[in-house]
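This report is written for a reader who has a sequence and a model side by side. Please look over both before reading on.

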Amino acid sequence: MSVEVVQENVGFLLEGPHWDDVTNTLLYVDIVGNTIYRYDPSSGQSKSVNIGETVGAAVPTASGRTLASGASRVGFVDWESGDFETVASLDLPPFTRFNDSKCDPVGRYWTGTMGYEVTASGAELPAKTKRGCLYRLDGGNKLSTHVQNVTISNGLAWTADHSTMYYIDSFSFAVDAFDYDIKTGDISNRRRVITIPESAGFPDGMCIDSEDMLWVAVFGAGSVNRYNPRTGELLRTVNLPVTIITSCCWGGAGLDELYVTTAKVSLTEEQLKTQDKAGSLFRVTGLGVKGVKGQPYQDA
Ligand code: CA
């Protein structure tokens, strides 16, 4: 197994990696840097677009556009101008913004919100208040609400048979499962399937592999953990040289490379000195596991 930095010191809060298998590039964001990136492994370079507000996540669409969650709205981003064409917007409570988002296996866009606080120095930190929700966009211009009273809406994943959706509300220190109706996109029968000890940090983004095992980025613990959601068992821990691990996804032509986003957020000056790769994009290879491809938004 090998852990490498592929884009060094990109930003403050990297998040939302999504492998676009049409262009063989990786979309990811710096949420508080207001920027969407597209990393091209063949050139080693990232293109970027600043949208002028926080960006929780961005995904490609079936027609070749980019759908993103801005601070309180969802819409299409123009990579040349940075213009944001709003599809749906919400009247969110103060200190609440969009966060992690992902499409289901038929291209419905699930996007969640989180509460945050601003420190005296101006840094944004996650809040434990339950101001967040989880919403869904089905191709029209309406966001429907599906989960309420969420602290930080984060990781999403679906099983290969589409029968189950996994979900992380970070300050529950757990992964929950829902029964998933792929015909309607409706969720039901919420139950806890994995618990994560609070001392290890909190679960953030996640992805699923071809064996329906979950890979969970643990914020504060410096690791991505592989779990069996059917038993709750921790199967494997992949350590990285930084502690704030935010999310992960499968990429590469064989979907056998794990891209991992990291952050500087919540690190002290002292910690930053010993973690000079915090805020970089990493790639882990040689895991011997194959992933599942990310879904584009069905906009056409
Ligand atoms: Ca996150």
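The model is predicted: local features need pLDDT of at least 70 and side-chain atom pairs count only at pLDDT 80 or more, while totals for chains, interfaces and linings use all residues. Residues are numbered from 1 along each chain as its sequence is written, and side-chain values use heavy atoms, with hydrogens and water left out.

**Strand pairs**

Strands are DSSP runs of E with at least two residues, numbered from the N terminus. Two strands pair if DSSP finds at least two bridges between them.

| Strand | Partner | Bridges |
|---|---|---|
| strand 1 (residues 2-7) | strand 25 | five bridges |
| strand 24 (residues 257-262) | strand 25 | four bridges |
| strand 7 (residues 66-69) | strand 8 | three bridges |
| strand 8 | strand 9 (residues 84-89) | five bridges |

Strand 25 spans residues 281-285, and five of its five residues are buried (under 20% relative accessible area with a 1.4 Å probe, protein chains only). In a regular strand the side chains alternate between the two faces of the sheet. In strand 25, Leu281, Arg283 and Thr285 point one way, and Phe282 and Val284 point the other way. Valine 284 stands opposite valine 3 and is also the bridge partner of leucine 258.

Strand 8 (residues 73-77) is largely enclosed by the rest of the structure, because four of its five residues are buried. With strand 7 it forms a hairpin that has three residues between the strands; here leucine 67 stands opposite phenylalanine 76. Strand 8 and strand 9 form a hairpin with six residues between them, and glycine 82 in the turn has a positive phi of about 80 degrees. Glycine 75 has threonine 86 in strand 9 as its bridge partner.

Donors are N, O and S atoms within 2.8 Å of the metal (3.2 Å for Na, K and Ca); water is not among the atoms, so sites may look incomplete. The calcium ion has protein donors from Glu15, Asn154 and Asp204, lying 2.2 to 3.1 Å from it. Glutamate 15 lies in strand 2 (residues 14-20) and aspartate 204 in strand 19 (residues 202-208), so the pair ties together parts that are 189 residues apart in sequence. Both glutamate 15 and aspartate 204 are buried.

Key
Buried means under 20% relative accessible area, exposed over 50%, partly exposed in between (1.4 Å probe, protein chains only).
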